[in-house]
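Student: I'd like to walk through this model with you, one question at a time. Can we start with how the parts are laid out?

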Amino acid sequence: MFAFIVRRIIQATVVMLVIGFIGFSVKHQLGDPVRDLVGISVSIEEREALRQELGLNDSFLVQYGRFLKNAMHGDLGYSFFYKRPALDVIFDKAPATIELVFAASLIILLISVPVGLYSAIYPKRFFSKFAMGVSIVGVSIPVFLTAIVLIYVFAVQLHWLPSYGRGETVDVFGWESGLLTIDGLRHLVLPSIALSSIMLPLFIRLIRSEMMEVLETEYIKYAWAKGLSRRRIWMVHAFKNTLLPVITVGGVQLGILIAFTILTETVFQWQGMGFMFLEAVERSDTALLVAYLVVVGALFVVVNTVVDIIYGLINPTVTVASR
Amino acid sequence: MKGFKIISLLLMLLIASTAGAKTLKLAMDADPVSLDPHVQLSGGMLQYSHTVFDPLVRWTQDMKFEPRLAEKWERIDANTMRFHLRKGVKFHSGNPFTAKDIVWTIDRLKKSQDFKGLFEPFTSAVAVDDFTVDVKTTKPYALLLNMATYVFAMDSVFYTGTDANGQEKDIILKTGASFALDNESGTGPFIVAEREQGVKMVYKRFAAYWDTKSPGNVDEVVLTPIKKDPTRVAALLSGDVDFIMPVSPQDFKIVGNAKGINLVTMSGGRVITFQLNQESRPEFKDVRVRQAIAYAVNNEGIVKKIMKGTATTAGQQGPKGYVGYKESLTPRYDIAKAKELMKAAGFEKGFEVSMMAPNNRYVSDEKIAEAVASMLSKIGIKVNLKTMPKAQYWPEFDNRAADIMMIGWHSDTEDSGNFSEFLAMCFDKDAGYGQYNAGNYCNEKVDALVLGAQVETDLAKRAIMLQEVEQILYDDAAFIPMHWQHLSWAAKNNVKLEAIVNAQNFPYFGDLVVE
Amino acid sequence: MALLEVKNLEVSFALRHGDLVALNDVSFTLDKRERLGVVGESGAGKSVTGFAVINLISKPGRITKGEILFDGKRLDQFSEHEMRSIRGNHISMIFQDPMMTLNPVLTVGTQMVETLRAHRKISKAEAEKIAIKKLELVHIPSPERRLSQYPHEFSGGMRQRIIIAIALLTDPAIIIADEPTTALDVTIQAEIMDLLLELCDAQDMALMLITHDLGVVAEVTERVMVMYAGKVIETAKTIDLVRNPRHPYTKGLINALPGHGECDQENRLQQIPGTMPNLTEIAPGCSFHPRCDYCQDICRSTVPELRQIGESKERWVSCHLVGKGQL
Amino acid sequence: MQTKRQKFKESYLLYSFKRDKVAMVSFTILTIFLLAALFAPVLAPYDPYDTASIDIMDSEIPPSWVADGDSRFFLGTDIMGRDLLSTMLYGLRISVMIGIGAVILQAIIGIGVGLVSGYMGGKVDAILMRIADVQLSFSTLMVAIIVSAIVQLTFGVGRYEQLAVPLLVVIIGIAEWPQYARTVRASVLGEKNKEYVEAARVIGLDSKRIMFSHILPNSLSPVLVISTVQVANAVMSEAALSFLGLGMPVSRPSIGSLINAGFEYIFSGAWWLTFFPAILLIIFILVINLLGDWLRDVLNPKLYKG
């Protein structure tokens, strides 16, 4: 276990270093942030002075050295736009993204598991065929289109749900949460549905096909021969085995979900990391870009490690340390 | 959900009618970048300044000066203007407002990177007594009152000393944390109650506001930045917000037709132009080629189709109402004439040029550029167009990276001279003239006239000089003017926005009435 | 009355092109404590017969004709719920491959306890006690500790012992063992088979041993039933069948055994030429006729009946030629 | 034996194809789309890249059957006055080019890495597969977004525009190779242990050659199944990038950038600007997915999960 964690940390560090370097090596070419800071009629000399002050005129190596040194102390640079340390900005935005991903994952789980299992157990029934048909159409609709349609129908035409933003949030120990107010939850509905729409069909199909495969196995037949109840066979014997590949794939999909927050947050103006990332691209707020990459990289490594540990817990034939 | 919505709406109405507390939910394309009014000279920051601070004087809808913190003013000599200040005004901090604060504010303006250029003609401000200030300039300065609209009184006591980090409280930092970044004390109608940058800003009515005659009855303004045009419109249509600005042209129809929503537009002062670089493209040195391009561009079509009528076609720099405006200088779309001129210049077969334009700076900037490119191809000029976000565009613009560059300009002084100083005068790095003249157009006569107008205090003479400048630029086809963007706002019908908007796009939220 | 009586059983698989008959008119009985061998090549329908008894035929198969009587009750008419109280309780099954039979993600204890608690109203602790006792019966060392282990922590032989222990949990009347040793290492095959027989005797259980290995059947069973292409072609006391096979196919099987048949001086293994037909392409008449050395016209046209031959009541053969002087 | 099996497989493929109406309809639609994309310059009534033929005064004309429609423009025009049908055909062409190009690139990288990894084994294998894991966990869209954002900022959008198609191919291609690598590696490992390879080695034949001549045909069906799904994914990724403004520029739009351009007009009443490209994109991806599903059912290859 210990060796496993050490290995993971080393891996994470390498990933971070690579990301840091990539991010950084293009940093001084990413447009000129100074122009966004000053009014248009400011003179060239004033701008030059500001560049000097920001250290934008130093050589690449000097800047990279400074970046690495600061990164050691948890300082990933200073956001030009927010006038605050980039990490602080990201940590302020993270709750919004995490809550969105959480809500979307919840929707995915709550729908895909029952639907997937049902259509695996009763593949010939109408509902199963219907679910499969809907899911393949679902896979084929880009998430931004889903989002647009949702806004148009539920916000603009029906006036049922708000169309943008997070609504009212509550500060819980420094975590800006939208889960605790009715307004916040109402704002969460459309974005989380939109975000889940890309993964939901995939998960239904995945759970269905895995479950069908498991139901064909000898040990399930044996379980029937032992006279166990259907519930026990489906929910314990089959489902637990179905979970294994679903968890592995789920870990990867969670990463994809985070990527798709960039799309969803943009359409819904959801004040999370993804939205911030695209704005940072437009503003050439390079410190924020690099910090975002590093944080998301770290997030992926953590998620994968957790997935591996959970996998190890559920699958007795795999010990965590050997992975 | 719907039931809940109705109940909450009823509740809101109930509260509103009994307690009289009125909240305005406002959505703009961006929120203020700082609480320090001197950190950036931009429309957004000036809008913020008018909400939280008060200027000496401000513009009315008909472009007149309205006394605010200055009750009266008089010219003492050619270089001095005396302002008599309002008495009994308090800052948000509770400190009383005096002449000292104006002197302090002007001093700070002269230190600000963004404002120091504008206040360069100002030598000093002197407090004569607690409520009288003399403002002195180096030379006779015609635009002194125009500049007074930028003097938003800051609380000199509040901003003096050092903060918790040992940093001077009055420091102006563009990229770092400063006291003024997160704290404000102005005399304006609203106090910043809450601010989360890029997410939300909450203004609360200042209880001790001096202007008790103002009809304004909004107690709280919640500003949410919504950058994407459709999302902002959706927010208004779905009832999530009460007031949006700006409204993009393509949404005029739906917003205008929407029940219970009021759309207001007004012609603004920002001109959109294309500059033809005579250095990188020798063909542009030929006045006939430049004229041909001016004739080839269908301003009317672009305004009608792309801007959906939300712009006024332009044949010169400053719009109507500016002193240099000359009625006769109108767009001259005539393809046949354009082709003739090209032939006369010996470019019947045309040539190839590059063009650059931003894609997120001006209203429909990318589409305008595409349309112009397509129009030029009709007279044989093949255009290779590149569009990019403004963060990348400005460095390219500085390098004059393409043969044709797009630039929009709004005069900070609300005066015609400002256009020419930045866009049309010969490039002079030291004097700071022609800084945005990517066409490298240079005409000594224009320079002389513009410089002369700076010191000419006889307004009638000055107007003639500036009109002559426009005439020369028109005849020379020094640049290709497109149109002046309209300003647009939309709100629910109970929000009386017509009364508070103006051509400067500084809605005076303090005076806003919500029924 | 026999403990288990199967009469004229027909099992079909519903396919797109129509029904595929997997079992055709299969009848047999199994008495208390009796050991019945079911022999045939793979695909002959022996496994289907085993599963049909507990009505557990994989989809889209189903029983289309016939009766299954257990203790006088018509199992084929039982509801799914009633059937569950038979499976694993009165009739237990042992599957072929112990590596595939146990659920990999559940502990051995869980898989034993759940079986008991599906059929008896007892606490988990009591169930564990019984489980430990049964594990001892199958010679698993330190069974308490083993209960909390997962299948992959056991060797193949050990797993099959556990499966036997699971089969014994509810003291069933019948054990249906479908090739219980085929997947095991040759060295432990005999060991497991001996254990199974010993326990059947000790616990008064009947055994239905399904296998392709006539050798094993010859050694351990009392009666044998030979199947070919979904039909019973010969049934007899084991000793009679081995000494005197009547059906040409059975003859071939016996001859294929080492140390048997006409050519035993040369000790040569005799093979039956050809392969068993796919169920979709069964020839008309006797399904064995394409491979039969004695094939005659009648074999090609008429399906032979299973009829009693000779003096023994238990000797039945399905061949036109047997007892007519030709064979 | 090999050819016989191959023949059987082929006939089975054909047989089940003929029986599956969904597969047939999907295949027909896909063929039509691909042909339309291939012959866009011939089929399109106008050339949307020819700026001289575009008139701003023709902009936002609704489809011809709607009131105010113009019979010259069947599906109406976009905001620049381009014929929407022609622009969509060219857009489809670009989307297809990027989709197929990216998948070819993925397949080349993935198959190469998979072969090397499986054959060399040991450290090389471990490192390559670790890289694949890390990259997979990073999610392909994320990699694509980051890379294209960086590339765009580095090159400047101006230069980016000219390189957009090859760059998008490279970006999306690089992001998705691990799928192939894992599948091919599994095939190699499976084949490596087979007796004939051992035998060949023992009698001194070139075992490598024998092996690879078996491996490639064996990995054919999984690669085919992956490829169909990947084309759909690549087209989707390109659409997503374009929607974020990181894909194809509006002057040479793909289907995705057409939708993005139309999104601004979603409330303007010009519904056709978003509707037709969106429907085209959805149908295109749907038929590929349906075919992929059918192929997967029929070929039933061992796919690497994850």
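Student: How far apart do the C-alpha centres of domain 1 and domain 2 of chain B lie?

Tutor: Domain bounds here come from an automatic or database domain assignment. For chain B, domain 1 is 9-52 + 158-266 + 488-511, domain 2 is 57-148 and domain 3 is 267-486. Between domain 1 of chain B and domain 2 of chain B, the C-alpha centres are separated by 25 Å.

Student: Before going on, what kind of model is this, and how is it numbered?

Tutor: Residues count from 1 along each chain as its sequence is written, while chains are lettered from A and ligands numbered from 1 in the order in which they are written. Local features need pLDDT of at least 70, side-chain atom pairs count only at pLDDT 80 or more, and totals for chains, interfaces and linings use all residues, since the model is predicted.

Student: How many residues of domain 1 of chain B are in contact with domain 2 of chain B?

Tutor: Contact means that the C-beta atoms of two residues, placed from the backbone, lie within 7 Å. On the domain 2 side of chain B, 19 residues take part. On the domain 1 side of chain B, the number is 17.

Student: Is B:T51 buried or exposed?

Tutor: B:T51 sits in helix α2 (residues 43-52) of chain B; helices are DSSP runs of H or I with at least four residues, strands are runs of E with at least two, and both are numbered from the N terminus. The cut-offs are 20 or more other C-beta atoms within 10 Å for buried, 12 or fewer for exposed, and partly exposed in between, with C-beta atoms placed from the backbone. Because B:T51 has 25 C-beta neighbours inside 10 Å, it counts as buried.

Student: In β11(B), which residue is the bridge partner of B:A27?

Tutor: Strand β1 (residues 23-28) of chain B has 5 of its 6 residues buried. Strands pair if DSSP finds at least two bridges between them, and β1(B) runs parallel to strand β10 (residues 220-225) of chain B over 6 bridges. β1(B) is also joined in the parallel sense to strand β11 (residues 243-245) of chain B, by 3 bridges. There, B:A27 is partnered by B:I244.

Student: How many Å separate the C-alpha atoms of A:I258 and A:T97?

Tutor: A:I258 is in helix α10 of chain A. A:I258 is buried because 25 other C-beta atoms lie within 10 Å. A:T97 is 161 residues away along the chain, yet the C-alpha separation is 8.0 Å.

Student: Where is the kink in α8(A)?

Tutor: Helix α8 (residues 182-215) of chain A has 34 residues and would span 50 Å if straight, but its end C-alpha atoms are only 42 Å apart; the expected span is 1.5 Å times one less than the number of residues. A bend is the angle between axes fitted to the seven residues ending at a residue and the seven starting there. The kink, of about 45°, comes shortly before the proline A:P201, at A:S197.

Student: Which are the edge strands of the open sheet in chain C?

Tutor: The sheet has 8 strands with mixed pairing, in the order β6-β7-β8-β3-β9-β10-β12-β11. Each edge strand pairs on one side only, and in chain C these are β6 (91-94) and β11 (307-308).
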